[in-house]
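Reader: I would like to learn how to read a few features of a model. Can you take me through them one by one?

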Amino acid sequence: MNQGFGEDHCSATLLDEGQPQNDRLLSQLRADPRIEFIDTWDEQHAELNRLRPPPDQEVVAEPKRWAYYPWRRTVASVLGPRAFRAVRLNRNRNLITAEEQARLGRLRVGVVGLSVGHAIAHILAQEGLCGQLRLADFDELELSNLNRVPATVFDLGSNKAQLAARRIAELDPYLPVEVFDQGITPESVDGFLDGLDILVEECDSLDTKVLIRQAARARHIPVLMATGDRGTLDVERFDLDPQRQVLHGLLGDVEFAELAGLPSEDKVPYALRMMDGAALSPRMAASLVEVGTTLATWPQVVAEVANSAALVAEAVRRIGLGEELASGRVRIDVARDLDEIHDTAASNPTHDSAQHSEFAPTHAVERVVAAAVRAPSGGNVQPWHISTRDNTVTIALAPEYSSTMDVGFRASAVAVGAAAFNARVAAAADSILGPVRMESGDDSCPVRAVLHLAGESDPDLAALYEPMLARETNRHHGKQVSPPDDVVERLHAVAHREGARLRLLTAPTDIAAAADILAESDRIRYLTHRLHTEMISEVRFPGDPSQDSGIDVVSLELIPADMVKLDVLRRPDVMAYLDEWNLGAALGSDTRERVMTSSCLAVVSMAGQALTDYVRAGSAVEAVWIVAQQHGLAVQPISPVFLYAHNDADLEELSPKRASALARLRSGFRELSAIEPDESVALVLRFADAPATSVRSQRRAVVASSLLA
């Protein structure tokens, strides 16, 4: 980097405070009344300290530097090189990751032709897509160039390459820029290409286009060229195919020497072949007819130049990162796309408040079946087949409704148990209650609950009939309220009656620890492709089929801003990038906030690990849920990814990439909830004080004729 003070420099002179030679130069500059000092170092450093994640202390500790711009007669304070780059490029993340930015920062890019090339070179520097630039142009800026070159009347007569270099130096004084202000000639082409990784060619001379491509091909350097008309980008991957003809063979086997000797009028056919005249826009094609008569040369407008710069930048990024980019030509025609614009006026999704017409039972057995159908299930998939025969109601687990999180059908077994509890409540209310038998089965039906209908009743169960019908999932955030002691005692009692154990996490520290665990579990669910796909498939949006199963999006109780975010969170391509970058901390924020606003968390567990144990635990879950809501608590189930995993093999099946993380979360949650080694957790319930739900979950229709055998 140049250390002198000549007025024709096109790079900044960097000066460190505290170094004797630099201090002397700074003193000379301060003594010159024509030199202006601009010091915004404190503001820059404050911005550095606001970065997330916080930068390394070595970066923060870099001393102040001064950048002297002789053509501006100005000295500006700047952060040290690492700090400057970290702040300047911070807004690129995660469109470009830190690791990708570092790789791109090692690229050496050459740009020939600094009219269109000026915009390209600047955007490459601005986006941090290179670590060194080499610019070549012999031409001086003319007034007619100001329609597309970002310069001013003060720059007229200056070399175009030098102007571009100065503008880049004012953007980033640390980026090395080398200028070839005599352009490209047979004598200078080798020196210009030496060490380059990518060449961008934007010159007007057809001779030079061929010359520099032939030299780049010999060095296996890829060449990019953008032409303003219809957003055309040419890609020549000489790094991948060094035998490829230059300019895609559109000029034939012509050599530089042949073109150099031709008069201008004889080069026109070559130029038209290169530009593919048949594909030109009507305005450009008509203008070419006028070149030499009513037009001095072919036209260009700055909007097309900006589009060209964006195309080249993306191509450089892909080559630099080793992403797919084939040789050839592509057109990104903005004008054509605007001709095909679609009206996407925002319309708020409306929800049909008319609920699915549920079967209205008139017979006692019908009421038992209808009650069973009202039971909760993961994702409201209703994983059962219900049948009646010989004074029995059988609730059989249906494997076809299983999902990845339903490890070993354990979640489905909990749902079967909840349905069995509802059936018992209805039978007790109609005085036809009998014993319930849990039966293990085979692959077609792993477990079933069989309720025998007799002539008995149970006042405690019968009293829950109306509350059972009113039970719902309430996903409002709500607020904290401490359940009275008598309610807590009753919750423990109903769980104990079903043979289960209830733990209530009420201490703020316990709730905060649980919130962190459950939030991280949700993050893993989002980032694991199969789990994410299944989760989103459970949500029903307006107009979706099968509204009588799954989770109505309205029932998520999201504010409009979060509903918009859901459009992003449901996209697998977005999750794939977050997974690749190991980011997405915000993916669990909604769960964390909901848990933190809870009155308490209820953890229902059961001794044993058989499916029949999970069925019994499911009955306890439903009993606790109904009683909690009966006493004014809003209830939302929470199913962490690890909930039904028994061992490492189960966790590996759930999320191979994050099995170890799930193991830590599972262990932490069991320890927090004081779960014994021989116990299985059936479900976690969140209690809060919240308004009524906006919509209740629907159920698949029950056909009356199928209920009685």
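Author: We go through a helix, a helix pair and some backbone features. Keep in mind that this is a predicted model.

Reader: How many residues of α9 are buried?

Author: Buried means under 20% relative accessible area. In α9, 11 of the 13 residues are buried, and the helix is mostly covered. Among them are L206, D207, V210, L211 and R213.

Reader: Take T208 in α9. Is T208 buried or exposed?

Author: T208 has a relative accessible area of 13%, so T208 is buried. Leaving out residues up to four places away in sequence, T208 touches I184 and C203.

Reader: What happens at the start of α9? And which residue follows the helix?

Author: At the start, a side-chain oxygen of S205 comes within 3.4 Å of the backbone nitrogen of D207. After α9 comes H220, with a positive phi near 60°.

Reader: Now a helix pair. What describes the packing of two helices?

Author: Two packed helices are described by the angle between their axes and the distance between the axes. Here, α6 (residues 116-126) and α13 (residues 302-321) pack at about 45°, with axes 9 Å apart. That angle makes α6 oblique to α13. Their crossing is right-handed.

Reader: Which residues of α6 and α13 meet?

Author: From α6, V116, A119, I120, I123 and L124 take part. They meet V305, S308, A309, A310, V312, A313 and V316 in α13. An α-helix has 3.6 residues a turn, so residues three or four places apart point the same way.

Reader: On to the backbone. Where are the cis peptide bonds from R52 to P53 and between R93 and N94?

Author: Look at omega. The bond from R52 to P53 has omega near 0°, and P53 sits in the loop between α2 and α3. For R93 and N94, omega is about 0°. N94 is in the loop between α4 and α5.

Reader: What are the phi values of N380 and Q382?

Author: Phi is positive and near 50° at N380, and positive at about 55° in Q382. Neither residue is a glycine. The loop between α15 and β12 holds N380 and also Q382.

Reader: Are N380 and Q382 buried or exposed?

Author: N380 is buried, at a relative accessible area of 4%. Q382 is at 1% relative accessibility, so Q382 counts as buried.

How values were computed: Residues numbered from 1 in each chain as written. Predicted model: local features only at pLDDT ≥ 70, side-chain atom pairs only at ≥ 80, totals over all residues. Heavy atoms only, no water. Buried < 20%, exposed > 50% of the residue type's maximum accessible area, 1.4 Å probe, protein only. Helix = DSSP H or I, 4+ residues; strand = E, 2+ residues; numbered from the N terminus. Polar contact = N/O pair within 3.5 Å; in protein donor to acceptor, adjacent residues only side chain to side chain. Axes fitted to C-alpha atoms, helices over the stretch in contact; angles between N-to-C directions. Parallel < 35°, antiparallel > 145°, perpendicular 65-115°, else oblique. Left-handed = near helix turned anticlockwise from the far one by under 90°. Contact = heavy atoms within 4.5 Å.
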